[in-house]
Amino acid sequence: MELNRTENDVLKLLAAEWDQAGPPGYIETTAIAARLEVSVHQVKAAIQSLFEKGVVDTDKVDTFAAYLTPEGYALARKT
């Protein structure tokens, strides 16, 4: 699966949260943007792409937060 840099960074960040706080690695979109030092728009675009690839899921309110699927966690640990 091909990922761009932001997608890869989001996956790794969510996997780190999964490891620290337990599954599913839930982080608010604004917190992801701040930690990666990118815009919220970039994070939302990456989350949408990762969602379409089946490796993250989101809440249903304007992509307020994202979290990993088990497949996403496995992928994050491979990269």
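## An exposed residue to start with

Glu37 is exposed, with a relative accessible area of 74%. This residue sits in the loop between α2 and α3. The phi of Glu37 is near 55 degrees, a positive value in a residue other than glycine. Most residues other than glycine have a negative phi.

The model is predicted. Its mean pLDDT is 90, and 95% of the residues reach 70 or more. Confidence is highest in helix α2 (residues 29–36), at a mean of 95. It is lowest in strand β3 (residues 65–68), at 82.

## The sheet

Strands of a sheet pair through backbone hydrogen bonds.

Take β1 and β3. They pair over two bridges, in the antiparallel sense. Ile27 stands opposite Ala66 in β3. Glu28 has Ala65 of β3 as its bridge partner. Now take β2 and β3. These strands pair over three bridges, again antiparallel. Here Val56 has Leu68 of β3 as its bridge partner.

## A helix on the sheet

## Helix α1 and its partners

Two packed helices are described by the angle between their axes and the distance between the axes. Start with helix α1 (residues 5–21) and α4. Their axes are 9 Å apart, and the packing angle is about 110 degrees. Angles of 65 to 115 degrees count as roughly perpendicular, so α1 and α4 are roughly perpendicular to each other. On the α1 side, the contact is made by Leu11, Lys12, Ala15, Ala16, Trp18 and Asp19. On the α4 side, Pro70, Gly72, Tyr73, Leu75, Ala76 and Arg77 take part. By class, this contact has eight nonpolar, one polar and three charged residues.

Next come α1 and α3. Their axes come within 9 Å and cross at roughly 80 degrees. That makes α1 roughly perpendicular to α3. From α1, the residues Thr6, Glu7, Val10 and Leu11 meet Gln42, Ala46, Ile47, Ser49 and Leu50 in α3. By class, the contact of α1 with α3 has five nonpolar, three polar and one charged residues.

Is Val55 buried or exposed? Val55 is buried, at 3% relative accessibility. It counts as buried because that value is under the 20% cut-off. Its place is in the loop between α3 and β2. Not counting residues up to four places away in sequence, Val55 touches Met1, Leu11, Leu50, Leu68, Thr69, Glu71, Gly72 and Leu75. Thr30 is 25 residues from Val55 along the chain, and the C-alpha atoms of the two are separated by 19 Å.

Thr69 is one of the residues that Val55 touches. Thr69 lies in the loop between β3 and α4 (70–78). With a relative accessible area of 15%, Thr69 is buried. Leaving aside its neighbours within four places in sequence, Thr69 is in contact with Trp18, Gly54, Val55, Val56 and Asp57. Trp18 is also among the α1 residues in the contact with α4. Val56 is the residue whose bridge partner in β3 is Leu68.

## A partly exposed arginine

Arg35 is found in helix α2. At 48% relative accessibility, Arg35 counts as partly exposed. What does Arg35 contact, leaving aside its neighbours within four places in sequence? Its contacts are Leu13, Glu17 and Ile27. Ile27 is the residue opposite Ala66 in β3.

Arg35 and Asp9 are 26 residues apart along the chain. Their C-alpha atoms are separated by 10.0 Å.

## A cis peptide bond

Which residues does the cis peptide bond join? It joins Pro23 and Pro24, and its omega is about 10 degrees. Pro24 is found in the loop between α1 and β1. Most peptide bonds are trans.

How values were computed: Residues numbered from 1 in each chain as written. Predicted model: local features only at pLDDT ≥ 70, side-chain atom pairs only at ≥ 80, totals over all residues. Heavy atoms only, no water. pLDDT = per-residue confidence, 0-100. Helix = DSSP H or I, 4+ residues; strand = E, 2+ residues; numbered from the N terminus. Pairing = 2+ DSSP bridges. Buried < 20%, exposed > 50% of the residue type's maximum accessible area, 1.4 Å probe, protein only. Contact = heavy atoms within 4.5 Å. Axes fitted to C-alpha atoms, helices over the stretch in contact; angles between N-to-C directions. Parallel < 35°, antiparallel > 145°, perpendicular 65-115°, else oblique. Nonpolar A, V, L, I, M, F, W, Y, C, P; charged D, E, K, R; others polar.
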